[in-house]
Amino acid sequence: MASSQGRSELRFADWMATLPESIRSHDSFSFYIDEASPVGPEQPETVQNFVSVFGTVAKKLMRKWLATQTMNFTSQLGAGIRYFDLRISTKPRDPDNELYFAHGLFSAKVNEGLEEINAFLTDHPKEVVFLDFNHFYGMQKYHHENLVQMLKDTFGIKMCPAIFAHEVSLQYLWEKEYQVLVFYHSPVALEVPFLWPGQMMPAPWANTTDPEKLIQFLQASITERRKKGSFFISQVVLTPKASTVVKGVASGLRETITERALPAMMQWVRTQKPGESGINIITADFVELGDFISTVIKLNYALDEGEVDTT
(Lines give C-alpha, C1' and ligand atoms only; values in the text may rest on other atoms or scores of the structure.)
Protein backbone atom coordinates (compact mmCIF):
# COMPACT_ATOMS: atom_id res chain seq x y z
CA MET A 1 0.00 0.00 0.00
CA ALA A 2 1.33 3.45 -0.87
CA SER A 3 2.09 5.83 1.97
CA SER A 4 -0.12 8.87 2.48
CA GLN A 5 2.72 11.04 1.18
CA GLY A 6 2.97 8.89 -1.94
CA ARG A 7 -0.78 9.11 -2.55
CA SER A 8 -0.61 12.89 -2.19
CA GLU A 9 2.24 13.22 -4.66
CA LEU A 10 0.38 11.15 -7.27
CA ARG A 11 -3.03 12.75 -6.75
CA PHE A 12 -2.70 14.91 -9.86
CA ALA A 13 -0.46 12.68 -11.97
CA ASP A 14 -3.01 12.60 -14.81
CA TRP A 15 -4.96 15.81 -14.37
CA MET A 16 -4.42 16.95 -17.97
CA ALA A 17 -6.04 13.77 -19.24
CA THR A 18 -9.37 14.93 -17.73
CA LEU A 19 -9.32 18.28 -19.56
CA PRO A 20 -10.63 18.79 -23.13
CA GLU A 21 -8.17 21.55 -23.44
CA SER A 22 -1.37 24.54 -16.27
CA ILE A 23 0.99 24.32 -12.34
CA ARG A 24 4.52 25.36 -12.43
CA SER A 25 7.58 25.40 -10.24
CA HIS A 26 10.23 28.09 -9.95
CA ASP A 27 13.90 26.96 -10.06
CA SER A 28 12.42 23.50 -10.54
CA PHE A 29 15.66 21.54 -10.12
CA SER A 30 16.80 23.14 -6.86
CA PHE A 31 15.74 20.09 -4.82
CA TYR A 32 18.94 18.47 -6.10
CA ILE A 33 21.39 21.22 -5.03
CA ASP A 34 24.70 19.66 -4.02
CA GLU A 35 26.44 21.29 -1.06
CA ALA A 36 29.69 19.57 -2.04
CA SER A 37 29.74 21.25 -5.46
CA PRO A 38 31.61 24.44 -6.38
CA VAL A 39 29.76 27.75 -6.33
CA GLY A 40 27.97 28.47 -9.61
CA PRO A 41 29.65 30.82 -12.11
CA GLU A 42 26.76 33.29 -11.97
CA GLN A 43 27.39 34.14 -8.31
CA PRO A 44 29.02 37.50 -7.51
CA GLU A 45 32.58 37.78 -6.19
CA THR A 46 31.34 38.50 -2.67
CA VAL A 47 29.60 35.11 -2.54
CA GLN A 48 32.61 33.35 -4.06
CA ASN A 49 34.84 34.91 -1.39
CA PHE A 50 32.38 34.05 1.39
CA VAL A 51 32.45 30.38 0.40
CA SER A 52 36.23 30.33 -0.04
CA VAL A 53 36.60 31.51 3.56
CA PHE A 54 33.85 29.55 5.31
CA GLY A 55 33.69 26.47 3.03
CA THR A 56 31.03 23.84 3.77
CA VAL A 57 29.35 25.93 6.47
CA ALA A 58 28.77 28.71 3.94
CA LYS A 59 27.35 26.28 1.39
CA LYS A 60 24.91 24.82 3.93
CA LEU A 61 23.64 28.32 4.65
CA MET A 62 23.46 29.09 0.94
CA ARG A 63 21.37 25.98 0.31
CA LYS A 64 18.70 27.25 2.70
CA TRP A 65 18.26 30.27 0.44
CA LEU A 66 18.90 28.65 -2.94
CA ALA A 67 16.67 25.57 -2.68
CA THR A 68 13.21 26.73 -3.73
CA GLN A 69 11.70 23.25 -4.05
CA THR A 70 11.69 20.19 -1.80
CA MET A 71 10.41 17.63 -4.33
CA ASN A 72 12.39 15.97 -7.12
CA PHE A 73 11.16 16.00 -10.73
CA THR A 74 9.14 12.78 -10.42
CA SER A 75 7.40 13.97 -7.26
CA GLN A 76 6.64 17.36 -8.78
CA LEU A 77 5.16 15.69 -11.86
CA GLY A 78 3.10 13.33 -9.74
CA ALA A 79 1.84 16.28 -7.73
CA GLY A 80 0.68 18.08 -10.89
CA ILE A 81 3.55 20.36 -11.93
CA ARG A 82 3.79 20.76 -15.71
CA TYR A 83 6.17 23.71 -16.24
CA PHE A 84 9.85 23.55 -15.28
CA ASP A 85 12.14 26.57 -14.88
CA LEU A 86 15.58 25.27 -15.90
CA ARG A 87 19.04 26.90 -15.59
CA ILE A 88 21.99 25.12 -17.13
CA SER A 89 25.71 25.41 -16.45
CA THR A 90 29.04 23.80 -17.11
CA LYS A 91 31.15 23.02 -14.05
CA PRO A 92 34.71 24.41 -13.78
CA ARG A 93 37.43 21.81 -14.23
CA ASP A 94 34.91 19.03 -14.84
CA PRO A 95 36.85 16.29 -16.68
CA ASP A 96 33.65 14.83 -18.14
CA ASN A 97 32.45 18.19 -19.48
CA GLU A 98 28.91 17.48 -18.26
CA LEU A 99 25.98 19.89 -18.14
CA TYR A 100 24.35 20.57 -14.78
CA PHE A 101 21.31 22.32 -13.44
CA ALA A 102 22.49 25.26 -11.34
CA HIS A 103 21.17 27.84 -8.92
CA GLY A 104 24.01 29.31 -6.90
CA LEU A 105 25.39 25.80 -6.33
CA PHE A 106 25.40 22.97 -8.84
CA SER A 107 22.59 20.46 -8.93
CA ALA A 108 21.87 17.23 -10.84
CA LYS A 109 23.25 16.34 -14.25
CA VAL A 110 20.91 17.55 -16.97
CA ASN A 111 20.67 14.19 -18.73
CA GLU A 112 19.55 12.50 -15.50
CA GLY A 113 16.81 15.07 -14.91
CA LEU A 114 15.54 14.82 -18.48
CA GLU A 115 15.42 11.02 -18.28
CA GLU A 116 13.37 11.30 -15.10
CA ILE A 117 10.85 13.56 -16.83
CA ASN A 118 10.70 11.33 -19.90
CA ALA A 119 10.00 8.24 -17.80
CA PHE A 120 6.96 9.97 -16.31
CA LEU A 121 5.69 11.04 -19.72
CA THR A 122 6.01 7.51 -21.07
CA ASP A 123 3.84 6.28 -18.21
CA HIS A 124 1.33 9.14 -18.62
CA PRO A 125 0.83 9.62 -22.39
CA LYS A 126 -1.73 12.43 -22.15
CA GLU A 127 0.35 14.68 -19.91
CA VAL A 128 2.31 17.59 -21.41
CA VAL A 129 5.29 19.44 -19.94
CA PHE A 130 6.84 22.82 -20.69
CA LEU A 131 10.64 22.89 -20.31
CA ASP A 132 11.90 26.47 -20.07
CA PHE A 133 15.69 26.68 -20.49
CA ASN A 134 16.08 30.33 -19.54
CA HIS A 135 19.61 30.76 -18.18
CA PHE A 136 22.91 29.37 -19.48
CA TYR A 137 26.24 29.70 -17.68
CA GLY A 138 29.69 28.94 -19.05
CA MET A 139 28.28 27.37 -22.21
CA GLN A 140 30.00 27.47 -25.59
CA LYS A 141 28.51 26.57 -28.97
CA TYR A 142 29.37 22.89 -28.58
CA HIS A 143 27.69 22.77 -25.16
CA HIS A 144 24.47 23.98 -26.76
CA GLU A 145 24.91 21.40 -29.52
CA ASN A 146 25.33 18.69 -26.88
CA LEU A 147 22.20 19.85 -25.04
CA VAL A 148 20.13 19.90 -28.24
CA GLN A 149 21.29 16.36 -29.04
CA MET A 150 20.48 15.30 -25.49
CA LEU A 151 16.93 16.59 -25.91
CA LYS A 152 16.59 14.69 -29.21
CA ASP A 153 17.91 11.48 -27.71
CA THR A 154 15.71 11.73 -24.62
CA PHE A 155 12.35 12.94 -25.94
CA GLY A 156 12.50 12.28 -29.69
CA ILE A 157 9.08 12.55 -31.33
CA LYS A 158 7.46 13.65 -28.06
CA MET A 159 8.69 17.21 -28.76
CA CYS A 160 6.29 19.66 -30.40
CA PRO A 161 7.85 21.83 -33.13
CA ALA A 162 7.62 25.59 -32.60
CA ILE A 163 4.37 27.00 -34.02
CA PHE A 164 2.11 29.92 -33.08
CA ALA A 165 1.19 29.65 -29.41
CA HIS A 166 -2.52 30.21 -30.02
CA GLU A 167 -2.57 27.13 -32.28
CA VAL A 168 -1.53 24.86 -29.41
CA SER A 169 -4.30 23.03 -27.59
CA LEU A 170 -4.30 19.79 -25.65
CA GLN A 171 -6.41 18.23 -28.38
CA TYR A 172 -3.80 19.18 -30.99
CA LEU A 173 -0.96 17.81 -28.84
CA TRP A 174 -2.84 14.58 -28.14
CA GLU A 175 -3.59 14.03 -31.83
CA LYS A 176 0.09 14.54 -32.73
CA GLU A 177 1.26 12.60 -29.64
CA TYR A 178 3.40 15.54 -28.55
CA GLN A 179 4.18 15.79 -24.85
CA VAL A 180 7.07 18.26 -24.60
CA LEU A 181 7.40 21.94 -25.49
CA VAL A 182 10.99 23.17 -25.12
CA PHE A 183 11.58 26.91 -24.72
CA TYR A 184 15.17 27.99 -25.26
CA HIS A 185 16.39 31.49 -24.37
CA SER A 186 19.29 31.56 -26.81
CA PRO A 187 19.72 32.34 -30.53
CA VAL A 188 20.27 28.60 -30.93
CA ALA A 189 16.47 28.26 -30.86
CA LEU A 190 16.25 29.86 -34.31
CA GLU A 191 18.26 26.98 -35.79
CA VAL A 192 16.34 24.02 -34.34
CA PRO A 193 12.68 23.31 -35.29
CA PHE A 194 11.69 21.82 -31.94
CA LEU A 195 13.08 24.72 -29.87
CA TRP A 196 10.58 27.47 -29.09
CA PRO A 197 12.23 30.93 -28.90
CA GLY A 198 12.54 32.26 -25.38
CA GLN A 199 10.50 35.36 -26.16
CA MET A 200 7.47 33.11 -26.55
CA MET A 201 7.65 32.43 -22.79
CA PRO A 202 7.91 35.90 -21.17
CA ALA A 203 8.27 35.86 -17.38
CA PRO A 204 8.29 39.38 -15.88
CA TRP A 205 9.98 39.45 -12.49
CA ALA A 206 8.84 41.63 -9.60
CA ASN A 207 12.17 41.40 -7.71
CA THR A 208 10.65 42.34 -4.35
CA THR A 209 10.32 41.00 -0.81
CA ASP A 210 7.02 42.82 -0.28
CA PRO A 211 3.89 40.67 -0.91
CA GLU A 212 1.76 43.76 -1.60
CA LYS A 213 4.19 45.08 -4.21
CA LEU A 214 4.39 41.61 -5.75
CA ILE A 215 0.63 41.40 -6.15
CA GLN A 216 0.47 44.89 -7.66
CA PHE A 217 3.18 43.89 -10.14
CA LEU A 218 1.45 40.63 -11.04
CA GLN A 219 -1.85 42.35 -11.68
CA ALA A 220 -0.25 45.06 -13.80
CA SER A 221 1.64 42.45 -15.82
CA ILE A 222 -1.53 40.54 -16.61
CA THR A 223 -3.26 43.74 -17.68
CA GLU A 224 -0.44 44.46 -20.12
CA ARG A 225 0.18 40.94 -21.42
CA ARG A 226 -0.08 40.27 -25.09
CA LYS A 227 -3.28 38.49 -25.99
CA LYS A 228 -1.78 36.39 -28.79
CA GLY A 229 1.55 35.03 -29.91
CA SER A 230 3.11 33.78 -26.71
CA PHE A 231 2.64 31.98 -23.44
CA PHE A 232 2.93 34.08 -20.27
CA ILE A 233 4.30 33.42 -16.78
CA SER A 234 3.11 35.02 -13.56
CA GLN A 235 5.90 34.55 -11.02
CA VAL A 236 4.26 34.39 -7.59
CA VAL A 237 7.74 34.57 -6.12
CA LEU A 238 9.36 36.87 -3.55
CA THR A 239 13.07 37.57 -3.97
CA PRO A 240 15.18 38.10 -0.83
CA LYS A 241 17.54 41.06 -0.54
CA ALA A 242 20.99 40.74 1.01
CA SER A 243 19.65 42.28 4.25
CA THR A 244 16.84 39.71 4.33
CA VAL A 245 19.32 36.86 4.06
CA VAL A 246 21.51 38.30 6.82
CA LYS A 247 18.55 38.64 9.20
CA GLY A 248 17.30 35.10 8.56
CA VAL A 249 20.55 33.44 7.60
CA ALA A 250 19.91 30.29 9.60
CA SER A 251 16.20 30.04 8.79
CA GLY A 252 16.23 30.09 5.00
CA LEU A 253 13.93 31.23 2.23
CA ARG A 254 10.96 29.02 3.04
CA GLU A 255 10.57 30.01 6.70
CA THR A 256 11.67 33.63 6.44
CA ILE A 257 9.70 34.68 3.36
CA THR A 258 7.58 32.11 1.53
CA GLU A 259 5.52 30.68 4.38
CA ARG A 260 4.78 34.09 5.88
CA ALA A 261 3.65 35.56 2.59
CA LEU A 262 1.71 32.49 1.42
CA PRO A 263 -1.81 33.56 2.54
CA ALA A 264 -1.67 36.84 0.62
CA MET A 265 -0.18 35.24 -2.48
CA MET A 266 -2.73 32.42 -2.51
CA GLN A 267 -5.58 34.89 -2.15
CA TRP A 268 -4.40 36.55 -5.35
CA VAL A 269 -4.15 33.22 -7.18
CA ARG A 270 -7.68 32.20 -6.17
CA THR A 271 -9.18 35.38 -7.63
CA GLN A 272 -7.60 34.98 -11.07
CA LYS A 273 -9.29 33.95 -14.29
CA PRO A 274 -7.59 31.95 -17.04
CA GLY A 275 -7.69 32.84 -20.70
CA GLU A 276 -6.06 35.17 -23.21
CA SER A 277 -6.71 38.25 -21.09
CA GLY A 278 -5.97 36.54 -17.77
CA ILE A 279 -3.40 34.22 -16.26
CA ASN A 280 -1.65 31.54 -18.28
CA ILE A 281 1.21 29.96 -16.31
CA ILE A 282 1.89 30.46 -12.60
CA THR A 283 5.22 29.70 -10.93
CA ALA A 284 5.92 29.49 -7.21
CA ASP A 285 8.52 28.40 -4.70
CA PHE A 286 7.80 25.31 -2.56
CA VAL A 287 4.77 24.33 -4.62
CA GLU A 288 3.65 21.78 -2.06
CA LEU A 289 2.77 24.51 0.47
CA GLY A 290 -0.90 25.11 1.16
CA ASP A 291 -3.27 24.32 -1.69
CA PHE A 292 -1.28 25.98 -4.47
CA ILE A 293 -1.32 22.99 -6.81
CA SER A 294 -5.00 22.10 -6.43
CA THR A 295 -5.98 25.77 -6.74
CA VAL A 296 -4.15 26.28 -10.03
CA ILE A 297 -5.44 23.01 -11.47
CA LYS A 298 -8.97 24.10 -10.57
CA LEU A 299 -8.50 27.26 -12.65
CA ASN A 300 -7.92 25.06 -15.71
CA TYR A 301 -11.35 23.52 -15.25
CA ALA A 302 -12.90 26.98 -15.34
CA LEU A 303 -12.01 27.05 -19.04
CA ASP A 304 -13.65 23.65 -19.50
CA GLU A 305 -16.86 24.68 -17.73
CA GLY A 306 -17.23 27.94 -19.62
CA GLU A 307 -16.95 29.98 -16.45
CA VAL A 308 -14.82 32.61 -18.19
CA ASP A 309 -14.68 34.29 -21.58
CA THR A 310 -11.58 33.03 -23.37
CA THR A 311 -12.21 34.66 -26.74
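Modeller: A residue is called buried under 20% relative accessible area, exposed over 50%, and partly exposed in between (1.4 Å probe, protein chains only). This is a predicted model, in which local features need pLDDT of at least 70 and side-chain atom pairs count only at pLDDT 80 or more, while totals for chains, interfaces and linings use all residues. Residues are numbered from 1 along each chain as its sequence is written, and side-chain values use heavy atoms, with hydrogens and water left out.

The chain has an average pLDDT (the predictor's confidence in each residue, from 0 to 100) of 76, and 68% of the residues score at least 70.

The model contains 5 salt bridges, each a side-chain nitrogen of Lys or Arg within 4 Å of a carboxyl oxygen of Asp or Glu. One of them joins R87 to D85, with 3.0 Å between the closest N and O atoms. R87 is classed as buried because its relative accessibility is 13%. D85 is also classed as buried, because its value is 4%.

Another salt bridge pairs K109 with E98, and here the closest N and O atoms lie 3.8 Å apart. K109 sits in strand β4 (residues 105-109) and E98 in the loop between β2 and β3, so that this pair links distant parts of the chain, 11 residues apart. Helices (H or I, at least four residues) and strands (E, at least two) are DSSP runs, numbered from the N terminus. K109 is partly exposed because its relative accessibility is 27%, and E98 is partly exposed because its relative accessible area is 22%.

A further salt bridge brings together the side chains of R270 and D291, at 3.0 Å from N to O. R270 belongs to helix α9 (residues 253-270), whereas D291 lies in the loop between β9 (281-284) and α10 (292-304), so the pair ties together parts that are 21 residues apart in sequence. R270 is partly exposed because its relative accessible area is 42%; D291 is partly exposed because its relative accessibility is 30%.

D94 gives a case without a salt bridge. D94 is located in the loop between β2 (81-90) and β3 (99-103). D94 is buried, and the nearest side chain of opposite charge, K91, is 6.2 Å away; Lys and Arg count as positive, Asp and Glu as negative, and His and the chain ends are not counted. The D94 side chain does make a polar contact with the side chain of Y100, at 3.4 Å. A polar contact is a pair of N or O atoms within 3.5 Å; within protein, one must be able to donate a hydrogen and the other to accept it, and residues adjacent in sequence count only if both atoms are side-chain atoms.
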